[in-house]
Amino acid sequence: MKAWWKDRVAYQIYPRSFQDSNNDGMGDIPGIISRLDEIGDLGVGIIWLSPVYKSPDADNGYDISDYREINPKFGTMADMERLFAEAAKRDIRIIMDLVINHTSDEHEWFRKSRDRASPYRDYYIWRPPRNGKGPGRRLPPNNWTGFFMGDVWEYDEQSGEFYLHLFDRKQPDLNYKNPRVVEEVKEILRFWLDKGAAGFRCDVINILYKTSLADGKRALAVRGIEHYKSQEGNHAVLRELRRDVLDKYDCFTVGETVMVDLDEAKLLCDESRGELDMLFYFDHLEVDRRIAQYVPKKFRAKRLLKVMTKWQRGLDWNALYLENHDQARIVSHFGAAGNPAGGPGKHWRQSAKMLALFELTLRGTPFIFQGQEIGMTNFDFESLDDIDDVLSHGLNGLMKKLRIPGFLRWKWLKASSRDNARTPVQWDASENAGFSGARPWLGVNGNYRHINYAAQKDDPDSVLNFYKNIISLRKSTECLVHGEFAPLYADNRVMIYRRELGDESYTVALNFSFRDVKLPKRAAGFLGGAVVVSTSGRRETEGRLPPWEGVLLKGG
Ligand code: NOJ
């Protein structure tokens, strides 16, 4: 089947923060339908819909209690069917979020599995306690630690055993050594593909299979991961899902892969192995972070180019992204957002455009996260009380235990909290940013009066129109989609790379700094081509890049 998903640009919707239609403060499916024209207008051809399934929302829908029901907060199955149909009218295909490492503890399977004699017992990973010192002391079955910084074993009084949960205790892990679990997942895939889904974004898809439950090696976070990351059993499950279900439909998968390295990724995406079509890795967003994404360190463009080169040249096809519902806003992260509590900074617009040019001139399928196209920034919250995210609270608890002072905890959380991306989309300058008539479930960023969709729609110089233009240019320029990637030059502030296809080539130069950079001769030599686009509107580069400028040149 044709890999149509290579030629389209995707857009991620995080439903609870996208558009509210019934004024309950929570985004919903009719709200999404009402904004399909805006999404279509951007030039997008795929929507990745974050979970809309029935869920008690311990982790905002990534804890599913029924894979075949819609969360009433978001609407009904009839609304969902209407969304498929309305999107199809605009030639937009929808991929669903497939969360199958764990379910909610409120899922029927898990409720039944609490009974030791139930056939569902073995759907999950139950183990007896280890004996501690002293009578009645029960210890968890191993020493692993979880992704939300807490315990991974929860004791269940009813059945006298612990169950494994790598995330929240309300997200018990499924047991992929049980073939019945794999069969259940196949049925779920068929259900959504038959409804019209065009594929799946597969949540934490490289940690499904727990080869062993032995103690983990010493580690600051996720102790034990060597027993379940990218295991052979995991590859086998993916191949089986592909062979028995996915290959029978015109669809694709993009895996979210935790702590994946290039060798693992090559196996997961190798076309001949039939596992995933592409994957999301995290390396590029961690070039200015320590300890995964949590503690900031200095950004250097050359480090970023090195990482991009590794992935651009290492995999045949990449999933490209700079933001999602788990990450900081890119204009606040790699860009120049300015003070989030006040108006946007002087270079906000320029840097948002430069980052758009970056993402949209790489080889792969770009995924734009809601609000990215208008340059939304990190939140302006003032205390932990404003934060909803379960991981941010987990991190705060861990840092407290490590005796990290409050001001530093808050500084780091502000830079990395997942709620940065989850504040409601800023549609206009009216109350609640046009997201809802009621108080939203999570605070709206106070800068919505300056940064909003309505203000940018008819402004030819806006971030929004820049995104539209570059998407349209990309769609009509095969070299920008399929061309090979070649790094040319980088230093602490600037990077230059080229895309090449046959006789055609495009050069991209990006300035990630507040400095007006005069390029050294060698670098300036790469900018000989004709300027196609520049974020500042310049037609000549003259061997320099003003602060936060991005330039696309033909040839050179
Ligand atoms: C990754 C998802 O993107 C994140 O939001 C979620 O908390 C975890 N997986 C667990 O499902």
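## Basis of the values

Residues are numbered from 1 along each chain as its sequence is written, and side-chain values use heavy atoms, with hydrogens and water left out. Because the model is predicted, local features need pLDDT of at least 70 and side-chain atom pairs count only at pLDDT 80 or more, while totals for chains, interfaces and linings use all residues.

## Helix α8

Helices (H or I, at least four residues) and strands (E, at least two) are DSSP runs, numbered from the N terminus. Helix α8 covers residues 301-314, which makes 14 residues. The expected span of a helix is 1.5 Å times one less than its number of residues.

Buried means under 20% relative accessible area, exposed over 50%, and partly exposed in between (1.4 Å probe, protein chains only). In α8 the buried residues are Ala-301, Leu-304, Leu-305, Val-307, Met-308, Thr-309, Trp-311 and Gln-312. An α-helix has 3.6 residues a turn, so residues three or four places apart point the same way.

## Aromatic pairs

Rings of Phe, Tyr and Trp (its six-membered ring) pair if their centres lie within 6.5 Å; planes under 30 degrees apart count as stacked, over 60 as edge-to-face and the rest as tilted. The count by this rule is 32 aromatic pairs. One of them joins Trp-48 and Phe-367, whose ring centres are 6.3 Å apart with planes at 75°, so the pair is edge-to-face. Trp-48 belongs to strand β2 (residues 46-49) and Phe-367 to strand β17 (residues 365-369), so this pair ties together parts that are 319 residues apart in sequence. Trp-48 is buried at a relative accessible area of 2%, and Phe-367 is buried, also with a value of 2%.

A stacked pair is formed by Phe-379 and Trp-410, at 6.3 Å centre to centre and 25° between the planes. Phe-379 is in the loop between β17 and α11 (390-401), and Trp-410 is in helix α12 (residues 406-416), so the pair ties together parts that are 31 residues apart in sequence. Phe-379 is buried, with a relative accessible area of 3%; Trp-410 is buried, with 18%.

## Aromatic cluster and charges over rings

One aromatic cluster is made up of Tyr-53, Tyr-67, Trp-109, Tyr-120, Tyr-123, Phe-191 and Trp-192. A charge sits over a ring if NZ of Lys or CZ of Arg is within 6 Å of the ring centre and within 35 degrees of the ring normal. The charged end of Arg-68 sits over the ring of Phe-191, 5.7 Å from its centre. Arg-121 has its charged end over the ring of Trp-126, 3.9 Å from the ring centre.

## Salt bridges

A salt bridge is a side-chain nitrogen of Lys or Arg within 4 Å of a carboxyl oxygen of Asp or Glu. The count by this rule is 50 salt bridges. Among them is the bridge between Arg-243 and Asp-244, with the closest N and O atoms 2.7 Å apart. Arg-243 is exposed, at 51% relative accessible area, and Asp-244 is partly exposed, at 22%.

Asp-459 and Arg-349 form a salt bridge at 3.5 Å, N to O. Asp-459 lies in the loop between α13 (453-457) and α14 (463-475), and Arg-349 lies in helix α10, so the pair ties together parts that are 110 residues apart in sequence. Asp-459 is partly exposed at 25%, as is Arg-349 at 31%. In another bridge, Glu-549 and Arg-538 have their closest N and O atoms 2.7 Å apart. Glu-549 is buried, with a relative accessible area of 0%, and Arg-538 is buried, with 16%. A network of salt bridges links Asp-59, Asp-326, Asp-389, Arg-418 and Arg-422.

## Cysteines

A disulfide is a pair of cysteine sulfur atoms within 2.5 Å, and the structure holds 0 disulfides. For Cys-202, the nearest cysteine sulfur is that of Cys-251, 9.5 Å away. Cys-202 is buried, at 4% relative accessibility. For Cys-269, the nearest cysteine sulfur is that of Cys-202, 11 Å away. Cys-269 is buried, at 15% relative accessibility.
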